[in-house]
Amino acid sequence: MSGSQLNQCMQCGNCSAVCSLAPADRPFPRKEMVWAGWGLKDKLIGNVDVWLCFQCGDCSSYCPRDVKPSDVIAAVRQKTYMHYARPRFLGKLVSKPAWLPVAILIPAVVIIAILSLAGTFKIPEGPVDYSEFFPHAWLNATFTGITLLFYGLASWQLGSFWSDMKRLTPPSNSGQKVKIGRKIFPVLGEILSHSNFSGCGSQRTRKIAHMLLFLGFGLLILVTIYAIWASITKNYPLPFLNPFKIAGNVASLMIYSGLGIMVYQRLFNRSVFGKSSYTDWLLLTAIGLLTLSGTLVELARFGNWACAYHLYFFHLVAVWFVIMYLPFTKLGHIFYRTTALLYARSIGRK
């Protein structure tokens, strides 16, 4: 999966020495390279250190044998998504190219079923009004319920992940109580500021790209929440100059910029950025299509395009693909890394 020649690793320890994030006690990724070379899956899956790595690529840049430890860590993470997926087929659904048609077909069929039950599965006449095609009450209720279902499954996955971290990396004092509450805000501060990216030397643009994508995505979620509230209070659709509409468009520009940097680096800076897997490109493509379709849906409403409702249906499928499948794709690192950082900080591992 990583494309790395693990038998070429001579255990020089250079990868751990150059890593600015590796703890002094049992640093990574040297030990992970040993375990990967020996196929010790039980030591890798549920290993908190796999998620302390921000995949900046410093270890791969300075590896004298070009084994690319960063790509190995990325592959272990992908195995982790598949291992903890509940139900298991959802992990395969978004990890194997052969299953992509099914992954797209499921949301399409579910959305058609909801529209059929609502009695609105047809192209409305007159000016473009998406609520005539998918009534807000049906949209908000069904998508919220499905999201809660999928994220409930994610909490089940994270519970198993937490148990494995405690087993593989217990607190130094077996009787020590893990004080999680005190670490929540410091961990959120690390995540929001992307402070750990600052120590990376090989890919300084990575922090900029991630910040643009992360903040843009977060802003779009806030705008979506407001849009739901506006629909409930009968103040929807929003005019073009509404502050939240403007914020949504700014967020889209941030996402386009972040994606552009990531795609460029993956295509033209492979020696540093590392191998790009199917799941990497699937995630970037899905986010890109979600944002692009959202932009087109907006333009179609204001321009009263004939294809507006077709674009809207495609946008809803893209929303499902990114949001509902999130815990099972590479975007699931939002959950896994946050959980791992919270556990690591609560046992004093930095």
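Contact is taken here to mean heavy atoms within 4.5 Å. In the predicted model examined here, and leaving aside neighbours within four places in sequence, Phe134 is in contact with Ile111, Ile114, Leu115, Thr120, Leu139, Thr142, Phe143, Tyr312 and Leu316. Phe134 also belongs to the largest nonpolar core, a set of 49 residues in which Ile111, Tyr130, Phe134, Phe143, Phe150, Tyr312 and Tyr325 touch the most other members. At least two residues of this core are supplied by each of helices H7 (88-93), H8 (100-118), H9 (130-133), H10 (136-168), H12 (204-232), H13, H15 (278-303) and H16 (308-324), with H16 providing the largest share, 13 residues.

Arg206, placed in helix H12, is buried yet has no salt bridge, the nearest side chain of opposite charge being that of Asp280, 7.4 Å away. The side chain of Arg206 does, however, reach the backbone oxygen of Gln55, at 3.4 Å.

Thr279, which lies in helix H15, has a relative accessible area of 10% and is therefore classed as buried, the cut-off for that class being under 20%. Apart from neighbours within four places in sequence, Thr279 is in contact with Gln78, Val94 and Ser95, and the side chains of Thr279 and Gln78 are joined by a polar contact of 3.3 Å. Between Thr279 and Arg30, which are 249 residues apart in sequence, the C-alpha to C-alpha distance is 25 Å.

Tyr256, found in helix H13 (residues 243-268), is partly exposed because its relative accessible area is 30%, a value that falls between the limits of 20% for buried and 50% for exposed residues. When neighbours within four places in sequence are set aside, the contacts of Tyr256 are with Thr291, Leu292 and Thr295. Two of these residues are approached through their backbone atoms: the side chain of Tyr256 reaches the backbone oxygen of Thr291 at 3.3 Å, while a polar atom of the Tyr256 side chain lies 3.5 Å from the backbone nitrogen of Leu292. The C-alpha atom of Tyr256 is separated by 8.6 Å from that of Leu212, a residue 44 positions away along the chain.

Methods: Residues are numbered from 1 along each chain as its sequence is written. This is a predicted model: local features need pLDDT of at least 70, side-chain atom pairs count only at pLDDT 80 or more; totals for chains, interfaces and linings use all residues. Side-chain values use heavy atoms; hydrogens and water are left out. Helices (H or I, at least four residues) and strands (E, at least two) are DSSP runs, numbered from the N terminus. Buried means under 20% relative accessible area, exposed over 50%, partly exposed in between (1.4 Å probe, protein chains only). A polar contact is a pair of N or O atoms within 3.5 Å; within protein, one must be able to donate a hydrogen and the other to accept it, and residues adjacent in sequence count only if both atoms are side-chain atoms. A nonpolar core is a set of buried Ala, Val, Leu, Ile, Met, Phe, Trp, Tyr and Cys residues joined through side-chain atoms within 4.5 Å. Lys and Arg count as positive and Asp and Glu as negative; His and the chain ends are not counted. A salt bridge is a side-chain nitrogen of Lys or Arg within 4 Å of a carboxyl oxygen of Asp or Glu.
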